[in-house]
Amino acid sequence: MTVLAFTLILLFGAFCAGFIGSLSGLGGGVVIIPLLTVVLGVDIHYAIGAALVSVIATSSGSAAAYVREGITNMRLGMFLEIATTAGAVGGALLASIAPTSFIAILFGCTLIFSALNSLRKKEEHNVKSSSSLALALKLPSTYPTASGTVSYGTKNVIGGFSMMGLAGMLSGLLGIGSGAFKVIAMDNIMRIPFKVSTTTSNFMMGVTATASAVIYLQKGYIEPDICMPVVIGVLLGAMTGAKVLLKANPKKLRRFFAVIIIALALNMIYNGIKGNI
Amino acid sequence: MQNEKIGDRDIQLVIGNLLRYGVWTALGVAALGGLIYLFNHEQEIVHYSIFVEKDVNILTLTKETLGGVIRGRGDDVILLGILLLFLTPILRIVFSLVAFFLEKDYLYVAITLLVIAIICFSVFFGFAH
């Protein structure tokens, strides 16, 4: 394939990945890796590198708006970044020694878990009380809603911190934002309101991804010619997806895309077991 | 208390803008590099099915990239855009450090320094093999 054809196919594919990632709530990185490896035959290391660069771009771009609105809890994000960056460094170092078939199978399993998790019913909860560790770390805060400013408490800091370490490791190992795991840590374990959890997760992704991207860069995973169309395509796709999401029924869309993503994941696992990746 | 609240709000605005303009600058540079690259290499055959592991120090890499940018090499201009993209979250952390320091929140100054230390560790150990 010539460079021009490869770039155009990648640009189109990355646009679709960003679009699906935005509508399904899973992020563009998880769709771009199967596309690069299974469809275009690119080595999984280059695919992980390009996906991680696109994660930094999309998460920083969307985090900007939420930070300015004051929904993001910056102290919470900063504190949990200790766990995610440490995990990400570990994951990136592990990626350089782990066999590619192992990475492909783990990626497929993570993808299925994230897709099923996106279908789970989410209820907005709000605890009033906080654990003493949360108070010492000044984690409880407030966020703006349609009906005025709401304050919330924070529980189980150590449990959430540990889950964040795992989220960071998967991010560094697989080149994904691992937003699903970050939200589980904050929403389900620490009992932080869903909206604050998702926006703070987005806010943390850039720093987490950069911690492992620096290692990827030095090891040659980040190939500029692949990254350029991927980053631009994913970002444009994500922006289009966000516009569509305002008009469409997100529940039906989520179900539709979850099926597509599970099919992609099974394909990755199959190819990993057969040793094709 | 009132002053502190205004402080937090200002920080939110600055960090929000930093993230937004950082990403757009980085992507603009990468897109320009992409056009230069395509213009010079459009008919070449791609070879990404085999991974070639490298061990390059990020400082050497930055120096080589800047040299390539001066010579007008498209892939180096893309890489410069990617480096700018990495710099955006790092600048965000440095700015948070200054902000927590100005608010005299020394617990969070320490937490921010710890995150910076982990990223530095990743820079220095990423190529030590």
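The expected span of a helix is 1.5 Å times one less than its number of residues. Helices here are DSSP runs of H or I with at least four residues, strands are runs of E with at least two, and both are numbered from the N terminus. This is a predicted model, in which local features need pLDDT of at least 70, side-chain atom pairs count only at pLDDT 80 or more, and totals for chains, interfaces and linings use all residues. Residues are numbered from 1 along each chain as its sequence is written, while chains are lettered from A and ligands numbered from 1 in the order in which they are written.

Chain A comes first. Its secondary structure comes to 11 helices and two strands, and along the sequence these follow the pattern α-α-α-α-α-α-β-β-α-α-α-α-α. The C-alpha atoms of chain A fill a box of roughly 60 × 40 × 30 Å along the principal axes. The radius of gyration is taken over C-alpha atoms, and the globule rule is 2.2 Å times the number of residues to the power 0.38. Because chain A has 277 residues, the rule gives a radius near 19 Å for a compact globule, and the 18 Å of chain A agrees with that.

How much of chain A is buried? A residue is buried if 20 or more other C-beta atoms lie within 10 Å of its own, exposed if 12 or fewer, and partly exposed in between, with C-beta atoms placed from the backbone. Of the 277 residues of chain A, 60% count as buried. Two residues are in contact if their C-beta atoms, placed from the backbone, lie within 7 Å. Among contacts in chain A between residues at least 6 apart in sequence, 81% join residues at least 24 apart.

Helix α9 of chain A covers residues 194-219. At 1.5 Å a residue, its 26 residues should span 38 Å, and so the 37 Å between its end C-alpha atoms agrees. α9(A) is mostly covered, with 24 of its 26 residues buried. The helix has a kink of about 30° centred on Met205(A); the bend at a residue is the angle between axes fitted to the seven residues ending there and the seven starting there. Just after α9(A), Gly220(A) takes a positive phi of about 85°.

The strands are next. Two strands pair if DSSP finds at least two bridges between them. Strand β1 (residues 141-145) and strand β2 (residues 148-152) of chain A run antiparallel and are joined by five bridges. They form a hairpin with two residues between them, and Thr142(A) stands opposite Ser151(A) in β2(A). β2(A) is hardly covered, since the count of buried residues among its five residues is zero.

Leu119(A) is found in helix α5 (residues 100-119) of chain A. Leu119(A) counts as partly exposed because it has 13 C-beta neighbours inside 10 Å. Not counting residues up to four places away in sequence, Leu119(A) touches Arg254(A), Arg255(A) and Ala258(A). Leu119(A) and Pro34(A) are 85 residues apart in sequence and 21 Å apart in space, C-alpha to C-alpha.

Chain B has four helices and zero strands. The C-alpha atoms of chain B fill a box of roughly 65 × 35 × 25 Å along the principal axes. A compact globule of 129 residues would have a radius of gyration near 14 Å, but chain B has 19 Å. Of the 129 residues of chain B, 32% count as buried.

In chain B, the 29 residues of α3(B) should span 42 Å at 1.5 Å a residue, and the end C-alpha atoms are 42 Å apart, which agrees. α3(B) has a kink of about 25° at Thr88(B), shortly before the proline Pro89(B). Lys104(B), which follows α3(B), has a positive phi near 60°.

Where do the two chains meet? The contact takes 56 residues from chain B and 52 residues from chain A. On the side of chain B that touches chain A, the elements giving two or more residues are α1 (2-41), α2 (58-70), α3 (74-102) and α4 (106-125) of chain B. α1(B) gives the most to that side, with 16 residues. The residues of that side divide into 35 nonpolar, 14 polar and seven charged. Ala, Val, Leu, Ile, Met, Phe, Trp, Tyr, Cys and Pro count as nonpolar, Asp, Glu, Lys and Arg as charged, and the others, Gly among them, as polar.
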